[in-house]
Amino acid sequence: MFPALSVLILLPVLGAVAVAALPKRRPELVFPMALAASALPLGMALWVLWNFEAGEAGFQMIEAAVWSETLGIGWKLGIDGISLFLVVLTAVLFPLAIAASRSIADRTKAYMVSMLVLEAGLLGVFVSLDLLVFFAFFEIVLVPMYLLIGIWGSGNRAYAALKFVLYTAFGSAFLLAGIIALALITGDQVGATASFDFRDMLDLGLSSSTQLWLFAAFGIAFAIKVPLFPLHTWLPDAHTEAPTAGSVVLAGVLLKMGTYGFLRFNLTLFPQASVDLAEVMAVLGVIGIIYGAAVAIVQPDVKRLVAYSSISHLGFILLGTFALTRQGIQGGVFQMVSHGLTTGALFLLIGMLYDRRHTRRIDAYGGIASVMPVYAGVFLFMAFASAGLPSLSGFVGEFTILLGSYPTVPGLAIVAGFGVILAAIYLLWAYERIFTGPVVHPENEGLKDLVAREVAIVAPLIVLIVALGVYPKPMLDRIGPSVDAVIERIEATTDYVAPIPGPTLVVRADEAGED
Amino acid sequence: MTDLIWLLIALPAVGAAVLVFLGRRLGEPGAGWLATVTVAASFAFAVVSGVGFVGGTVHPATVELFSWIPALGVDATLLWDPLAVTMTLVVTGVGALIHLYAIGYMHGDPRFGRFFAYLNLFIASMLTLVLAGNFAVMFVGWELVGLSSYLLISFWFERPSAAAAGKKAFIVNRIGDWGFLVALMVIFAAFGTLDFGTVFGSAPEVLSVGTATVITLLLLVGATGKSAQLPLYVWLPDAMEGPTPVSALIHAATMVTAGVYMIARTGALFELAPVSQAIVATVGVLTALFAATIAISQRDIKRVLAYSTISQIGYMIFGVGMAAYTAGMFHLVTHAFFKALLFLGAGSVIHALGGEQDMRKMGGLRTVMPVTFWTMVIAWLAISGVFPLAGFWSKDEILGAAFAKGGLYTGLWAIGLFTAFLTAFYMTRWLAMTFLGEPRWSDDVHPHESPWVMTGPLVILAFASTFAGALNTPWRLALERFLEPSFELVTQSLPPESIGVVAALAGLSLVLVVLGIVVAWRRYTTAELPAEAGRFWYVTLHGYWVDDLYGRVFVLPGKALSAWFAAVLDGTVIDGIVNGLGRTVRGFGAAMSTLQSGWVRSYAAVFGGGVLVLLVWTLVHGGVI
């Protein structure tokens with residue numbers, strides 16, 4: 001069988017090599033070459049999407065090459081409804097992020113190589129079925145991201161890059177320990193020294209205390225990635241100081257490594273611990289929703305504002321995930337993708353404005369809608385998409401999460417609903433200050449509206465956001481079975497029963513017997 | 001025919017889409033005509049496919065378009081029944097007239113095409129709301145009308161006050177939407193579906209009184225936002241920053257009545273929660289009184305009408321709250337006519353005076369603008385409730401139903417009756433200050449009658465405001481019979497059965513109305529405007545300072561808390577710990593190493609140490625070793 005997923009990971013790597021091999025005297029080739037190199041994995045991802053069997057719960061397009069029998073390590077890849085759209089999202093965002101990197105003049109080649117390696121790492125994270133390989137990809141991502149922030153970032157980039165790496169490395173240490181421990185336990189089970197195969201780990205029958213410790217080890221790493229309050233303070237610095245493409249990828253894809261990790265590993269491998277800790281996790285999610293949104297309101301820097309809004313939106317995903325209902329989790333997976341599109345788009349747009357004015361301070365603007373009407377219109381569209389306006393993708397995710405969470409954590413779902421109000425406040429207030437009123441600063445008077453290249457970058461995102469908002473069915477049909485499988489696993493291994501919304505039909509035994 | 005009712009939404013939606021991209025190229029007046037034609041076409045189609053309900057040849061039907069959110073089992077479904085028909089006809093009928101009017105009113109605006117794109121978007125959104133066959137689709141329309149409202153209020157975004165008003169409207173509406181959203185959570189958990197048919201049909205078996213009360217009170221929160229009722233009415237007066245056709249269409253005739261429609265639509269749930277019904281009715285009648293007292297002292301020609309709208313919607317909410325659904329809907333329809341007319345008349349005046357909105361600088365316009373004046377006379381009589389114009393019939397049907405219900409509702413009836421007196425007073429003041437007495441405008445202003453595209457809709461609406469009462473006279477309850485299929489699941493509150501009592505009640509309210517007119521007439525048709533000094537005028541002119549109160553109680557503390565989160569909790573506490581840890585680790589790494597120190601080393605140190613400790617611990621604990 002055609003090794004689609006290996007090719008998918010390999011394409012950006014080959015692209016990086018090709019970009020690196022370009023002759024020094026032809027710098028003008030770097031940008032088109034990198035763009036082309038990022039288009040190939042997109043094509044491959046679409047091929048995967050096309051050939052994905054809807055209605056299947058398990059992994060598809062599985063590849064398995066064993067490296068060591070005794071250690072149970074191998075190149076094992078597979079894709080299911082949970083990872084499918086994260087892969088597609090990654091493949092969609094990278095060409096756009098690279099296309100938006102036209103203004104990178106310093107060490108362009110190294111920049112593009114970093115981007116492509118980053119893409120390979122992220123794709124690898126989502127399709128790995130071997131936990132050691134997963135961990136390797138999880139860590140590989142760190143390096144190009146560190147470079148992107150540290151070299152091509154702005155102002156306080158050194159601090160932001162270091163903070164990002166330290167936070168993440170701290171979590172990774174726990175993750176690696178957890179993975180090794182789990183692999184040894186699994187090895188015991190299958191009669192080897194160790195096994196890192198995800199599929200071997202499904203039937204371990206771990207004691208609940210072991211589950212709890214492993215949940216914590218994995219959970220800390222993922223909580224930092226999401227990020228969860230109070231482990232979130234790397235995010236605003238990293239997002240703000242990163243170059244545009246870095247912010248797009250950070251918010252669009254990188255954070256989802258955390259929410260994906262919770263769903264793929266914690267919920268699936270440690271079901272009892274997940275049930276025990278569900279409410280705690282959901283509370284942390286809701287704190288993130290409210291706290292992130294509240295702090296976003298008062299940010300004087302528009303990029304920081306969007307960064308904090310990500311904390312709020314990711315909180316919704318966590319709430320949905322740990323509501324432990326089919327609807328909640330499906331909404332969460334959907335929201336991962338939707339947030340990638342809307343927040344990715346917002347960072348792209350902020351980058352376009354930054355390219356013109358070289359400031360992100362909200363008070364440096366005002367009245368921009370008069371000088372850049374198209375830009376203002378697109379920004380407003382994205383603001384409403386991000387605020388969860390119905391008929392756009394953000395609504396489908398949040399609505400499904402909220403309706404799905406209410407049956408198990410009603411109080412939290414109601415409080416989370418306030419996040420929807422706060423989103424309107426921080427987005428519309430920022431829009432008001434940047435775009436409306438008279439043009440107060442003379443340096444803004446001559447700003448040029450979006451050019452064709454920039455319109456071409458945001459147009460696909462607009463189309464996807466509308467399409468997923470109006471007709472999310474094809475996507476939910478593919479997510480659904482895999483999510484159901486997660487819930488069924490939890491129900492099979494614990495005494496938890498996911499509530500099914502609807503009237504409770506009480507049939508007394510004697511009445512039933514008479515019929 | 002019924003299968004095609006999605007066309008009602010699609011026509012203006014396509015119009016909006018075309019105008020967003022081609023509005024500038026179509027220009028003036030082409031863009032306006034395109035928009036007007038799409039709405040008129042929707043109106044015509046609604047008439048054709050709805051007329052069958054009169055003779056009973058068409059029956060209520062649900063149309064399933066496509067599966068929308070399979071995770072929740074939610075489909076895109078529309079419901080075509082007499083209630084939906086009524087709303088659709090009001091929205092598209094009044095909507096088409098206002099589109100036409102706006103072609104004249106927006107003449108010369110540089111964003112002419114964009115304006116009509118938004119106006120069409122509003123019609124499509126509103127029709128989504130009223131045609132929805134389940135709560136989710138209704139919520140889509142509910143929020144999208146909020147979007148259109150935002151876009152149109154802040155249409156002249158160069159004006160900071162317009163931009164702020166748009167934002168305020170959307171945010172306050174979202175507070176109401178939160179209530180709606182939570183209601184949907186409870187409904188979904190209780191029924192497992194959001195489908196109107198299933199929910200309403202099985203509600204008596206599924207819902208306890210407690211749950212029904214919770215759901216309906218949450219729906220009321222939604223209604224108070226969208227329909228500008230206490231305590232969420234504060235956005236509507238500011239919404240007058242929008243162009244006047246917008247005020248007429250969205251903030252008077254149609255969108256703000258969405259809450260009334262929603263309560264009527266969900267009557268089967270309110271039926272199970274008498275406490276909620278009493279609360280809704282009380283909120284409605286108190287809003288009617290409260291807003292009327294503010295309307296009395298306003299000096300801006302549009303702000304009087306804005307508070308009047310809040311007050312009149314209060315009547316409607318009062319009506320549907322006590323299960324007088326037909327009466328509430330009846331008043332919704334007649335109000336759509338005369339309030340749209342009043343706003344368009346106000347727009348005509350503002351247009352003629354070059355943008356002046358202060359009534360103290362008007363007066364004496366009756367001879368200069370005869371068409372506007374005479375249509376405004378009709379509107380004034382209609383809203384005041386003078387026999388036999390439209391407002392008389394619909395308002396008195398609500399009051400009659402309250403009287404017949406007795407108990408608490410007798411008290412509410414008395415408040416409603418007194419509000420009718422206030423209404424007659426402030427509307428007479430409005431008419432007199434604008435059109436009667438001596439001219440008070442400055443010499444450089446040259447008022448003129450508006451062009452036919454503007455006066456034409458005035459005349460048509462004046463006609464409707466005069467005769468719409470015939471829709472549901474006490475002896476020929478046409479509207480009630482028409483709406484019957486939509487209210488099969490509820491028991492309606494009706495006015496007293498005896499025509500004598502009805503006539504006596506009507507006579508009583510007529511006396512109060514005439515009294516209000518006479519008092520105001522004597523006061524405001526004098527050569528000089530009376531001084532409006534004194535505590536009452538001062539307090540009501542400032543709307544009881546409710547905006548300031550909200551600012552102090554919610555906005556300022558909210559911002560302060562956010563700022564504290566950002567600066568202290570995030571900045572000092574968490575980052576303080578993080579940076580402190582970073583320094584410690586760095587020192588630790590330096591201490592361990594005789595070579596250089598740096599982040600790579602601290603990374604390695606944290607990493608290695610962490611791995612080791614955890615590995616050993618987990619292995620021991622996990623029973624592997």
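Student: Which residues of H19(B) are buried?

Tutor: They are B:Val453, B:Met454, B:Thr455, B:Pro457, B:Leu458, B:Leu461, B:Ala462, B:Ala464 and B:Ser465. Before we go on, this is a predicted model, where local features need pLDDT of at least 70 and side-chain atom pairs count only at pLDDT 80 or more, while totals for chains, interfaces and linings use all residues. Residues are numbered from 1 along each chain as its sequence is written, chains are lettered from A and ligands numbered from 1 in the order in which they are written, and side-chain values use heavy atoms, leaving out hydrogens and water.

Student: What covers the buried residues of H19(B)?

Tutor: The cover includes helices H3 (82-105), H15 (325-352), H16 (370-384) and H17 (390-405) of chain B. Helices here are DSSP runs of H or I with at least four residues, strands are runs of E with at least two, and both are numbered from the N terminus.

Student: How do you know what span to expect for H19 of chain B?

Tutor: The expected span is 1.5 Å times one less than the number of residues. H19 (residues 452-467) has 16 residues and reaches 22 Å from its first C-alpha to its last, close to the expected 22 Å.

Student: Why is B:Ala190 called buried?

Tutor: Buried means under 20% relative accessible area, exposed means over 50%, and partly exposed lies in between (1.4 Å probe, protein chains only). B:Ala190 has 15%, so it counts as buried. This residue sits in helix H6 (residues 160-191) of chain B.

Student: What is B:Ala190 in contact with, leaving aside neighbours within four places in sequence?

Tutor: Its contacts are A:Gly502, A:Pro503, B:Val206 and B:Leu207. Contact means heavy atoms within 4.5 Å.

Student: What makes A:Ile350 buried?

Tutor: Its relative accessible area is 4%, so A:Ile350 is buried. It lies in helix H14 (residues 326-357) of chain A and touches A:Val302, A:Lys303, A:Val306, A:Tyr375 and A:Phe379, not counting residues up to four places away in sequence. The C-alpha atoms of A:Ile350 and A:Val306 are 9.5 Å apart, although 44 residues separate them along the chain.

Student: How many helices and strands does chain A have, and why is this chain called as compact as a globular protein of its length?

Tutor: Chain A has 21 helices and 2 strands. Its radius of gyration is 23 Å, close to the 24 Å that the globule rule gives for 515 residues, so chain A is as compact as a globular protein of that length. The radius is taken over C-alpha atoms, and the rule is 2.2 Å times the number of residues to the power 0.38. Of those 515 residues, 65% count as buried.
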